[in-house]
Amino acid sequence: MPASISQSVILFILMSTGFAAGRMGVFGGDSRKSLSRLLVDFTLPALIIVSMQKPFTPELRDQALRVLALSVTVYALSFPLAFLLTLPYKNASLKEKGVHRFAICFSNVGFMGFPIAQAILGKDSLFMVSVYNIPFQVLAFSAGILLIRGKPPAGKKDTGAPDPAPRQKSVIAQILKLANPAIISALLGFALFIFSIKIPSLLFTAMQLLGDTTTPLAMVLIGANLAATKLGALFRNPRLWTTSAIRLFLLPALVFLLARAAGLQGLELSVPVLIAAMPVAANSSILATVYDGDADTASALVFLSTILSLASIPLVGLFLTHS
């Protein structure tokens, strides 16, 4: 079995466990929200910091900066593209539109990107995945939350354009409002790499063990959310299939063309394309649960796109190994 398929099958087994637990009443609404908080505030930050513990070299620094620049460019283009591509979703509510926009902008980097990149591109690719993931952590937990909430300013209608940021009393207040464990851990992890600061072994081992729980807990949570969802009605929604196709096929092609135009090769080319080919970010379901978004649509998008990725990811991996 190809490595990309085996990784996806493992994730489905974990989701099935959460689904069974949800059906048996193990997970209620409050317990799912508490588990979401545990993931967002503790296990994911530990995973991010540990993955960026690499010895500093000028070559690795230059590679990191090139990949980071491409990542920033991709996300800068993704937001207007997401609003453009969801304009035809006229029958969708604001919250559903917000979930679709989030799904187009953010792929499953943390929960699927790392293991699949290691399986297809090798262990050396994980550092590049971590660097490419920095804008994800900053944007998914700031602008992404605004998308998930799907609430326009009071007295205004949804025009298909991003909602303006709420006014704050000062720049410091804006910065403090955006600060959360995921953003702090991404910036801290990169700073530790740049300054060659090594985490003490005991603390590193504890963080590594904590971070390793992120993937199984996240998949179990998604399964539990699905157990409380009427999937039949959701999967008859054509918007789910459209967004999944955009996520799995259109975006990797666009990222490949952009990386080629920038002259990137090797892992600097392969990592961004493979990350763009990942299914919808599992964070969409978690954030929708925490921030009162459309958790049903988010879970269905994660579920459907992950199923379809069983076929799409091996094709992308085969393309990258021969390009």
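## Helix packing in a predicted model

Residues 24 or more positions apart make up 87% of the chain's contacts (heavy atoms within 4.5 Å) with a separation of 6 or more. This is a predicted model, where local features need pLDDT of at least 70, side-chain atom pairs count only at pLDDT 80 or more, and totals for chains, interfaces and linings use all residues. Numbering starts from 1 along each chain as its sequence is written, and side-chain values use heavy atoms, with hydrogens and water left out.

The chain holds 17 helices and zero strands; these are DSSP runs (helices H or I, at least four residues; strands E, at least two), numbered from the N terminus. Of its 323 residues, 51% are buried, meaning under 20% relative accessible area with a 1.4 Å probe.

Here are two helix pairs, with axes fitted to C-alpha atoms over the stretch in contact and angles running from 0 to 180 degrees between N-to-C directions.

| Helix pair | Axes come within | Crossing angle |
|---|---|---|
| H14 (residues 238-261) and H15 (residues 267-276) | 8 Å | roughly 160° |
| H2 (residues 29-51) and H12 (residues 214-227) | 10 Å | roughly 155° |

H14 is therefore roughly antiparallel to H15, a term for angles over 145 degrees. Their contact involves residues including Leu251, Val255 and Phe256 of H14 and Leu269 and Val273 of H15. By class, it has nine nonpolar (Ala, Val, Leu, Ile, Met, Phe, Trp, Tyr, Cys and Pro), no polar and two charged (Asp, Glu, Lys and Arg) residues.

H2 and H12 are likewise roughly antiparallel to each other. Among the residues in contact are Leu35, Leu39 and Thr43 of H2 and Leu217, Leu221 and Asn225 of H12. The contact of H2 with H12 divides into nine nonpolar, four polar (the remaining residue types, Gly among them) and one charged.

Key
Buried < 20%, exposed > 50% of the residue type's maximum accessible area, 1.4 Å probe, protein only. Parallel < 35°, antiparallel > 145°, perpendicular 65-115°, else oblique.
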